[in-house]
Amino acid sequence: MNPNIEKRNQLLAEKVMKGLKSRNMTGYYAASKEEALETALKLIPEGSSVTMGGAMSAHEIGLVDAVKKGNYHFIDRDAYADKRAAMLAAYDADVFLAGANAITEDGVMVNIDGNANRVSAIAQGPKKVIFIVGMNKVCDDVDGAIKRARNVAAPINAQRFGLATPCSKTGSCMNCKSPDTICCQILITRFSRHAGRIHVILVNDTLGF
Ligand code: SF4
């Protein structure tokens, strides 16, 4: 990576981590995907039950594979025939792995969801939530973060799931009320009441979307 980009990312991450700390959440900076994986695994005690929501970024740093192969109880929602039972098992997990659709420079996270299983587990349930966040997700403020979530993350997810939404044809948000919309719930995480619950690993790379 260009050393000037690297330096800028490190400086910006320090600002985001300061914001997270002021909001009772813990930030970490990883100079590479490998370092991010190492940091994440240190936060997951062996034997923990672990699940995830979306979390492309966790896949991209190799965390999901490492958990599946390691000494953990991975709750695989796709393996459950009963989707409600899968959802309840996820809420009861020790650790929830997540990505963020966007994060502000002062540490506020924005996440959009269709079924709301992901945003609801971020808000409540799992004992610990670990976010893997590429520096491409950092936005200047909450308005910018919501715009990013709706104009970048959501249209790409609509493509990914083959949904019949306006954004899957135009590439940007048309503020739809389509039955397929994935923008049913917008979660703004601006503070955590529970010290030690939310951990955010900022990665010096482009991850997820
Ligand atoms: S509101 Fe509709 S058009 Fe906008 S991003 Fe969400 S699904 Fe796409």
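1. A residue is taken to be near a molecule or strand if its C-beta atom, placed from the backbone, lies within 6 Å of it. By that rule 15 residues surround the ligand, and the closest are A154, C167, C173, C176 and C183. The shell divides into ten nonpolar residues, four polar and one charged, where Ala, Val, Leu, Ile, Met, Phe, Trp, Tyr, Cys and Pro count as nonpolar, Asp, Glu, Lys and Arg as charged, and the others, Gly among them, as polar. Helix α7 (residues 142–160) gives the most to this shell, with four residues.

2. Two remarks on the basis of this note. The model is a predicted one, in which local features need pLDDT of at least 70 and side-chain atom pairs count only at pLDDT 80 or more, while totals for chains, interfaces and linings use all residues. Residues are numbered from 1 along each chain as its sequence is written.

3. The protein chain holds eight helices and ten strands, these being DSSP runs numbered from the N terminus (helices H or I, at least four residues; strands E, at least two). For 209 residues a compact globule would have a radius of gyration near 17 Å, and the 16 Å of the protein chain agrees with this; the radius is taken over C-alpha atoms, and the globule rule is 2.2 Å times the number of residues to the power 0.38. Along the principal axes, the C-alpha atoms fill a box of roughly 40 × 40 × 30 Å.

4. Of the 209 residues, 41% count as buried. The term means that 20 or more other C-beta atoms lie within 10 Å of the residue's own, whereas 12 or fewer make it exposed and counts in between make it partly exposed, with C-beta atoms placed from the backbone. Among contacts between residues at least 6 apart in sequence, 77% join residues at least 24 apart, a contact being two C-beta atoms, placed from the backbone, that lie within 7 Å.

5. Strand β10 (residues 198–203) is largely enclosed by the rest of the structure, because six of its six residues are buried. On one side these are I198, V200 and L202, and on the other H199, I201 and V203. In a regular strand the side chains alternate between the two faces of the sheet. Strand β1 (residues 26–30) runs parallel to β10 and is joined to it by five bridges, with T26 having H199 as its bridge partner. Strand β7 (residues 128–134) also pairs with β10 in the parallel sense, over six bridges, and here V129 stands opposite I198. Strands are said to pair if DSSP finds at least two bridges between them.

6. Strand β6 (residues 109–113) is mostly covered, with five of its five residues buried: M109, N111 and D113 lie on one side, V110 and I112 on the other. β6 pairs in the antiparallel sense with β5 (residues 102–104) over two bridges, and five bridges join β6 to the antiparallel β9 (residues 185–189). V110 takes part in both pairings, as the bridge partner of A102 and of I188. In the hairpin of β5 and β6, with four residues between the strands, G107 takes a positive phi near 85 degrees.

7. Which residues of helix α2 (residues 33–42) are buried? They are A36, L37 and A40, and, seen down the axis of α2, they fall within an arc of 100 degrees, so they line one face of the helix; the arc is that of the directions from the helix axis to the C-beta atoms. Their cover includes β1, α4 (63–69), β7 and β10, while E34 and K42, on the other side of α2, are exposed.

8. C176, one of the closest residues to the ligand, is found in the loop between α8 (167–170) and β9. It counts as partly exposed because it has 15 C-beta neighbours inside 10 Å. Not counting residues up to four places away in sequence, C176 touches T165, P166 and T181; the C-alpha atoms of C176 and T165, eleven residues apart along the chain, are separated by 7.4 Å.

9. Two backbone angles deserve a look. Most residues other than glycine have a negative phi. A116, in the loop between β6 and α6 (117–123), has a positive phi near 75 degrees.
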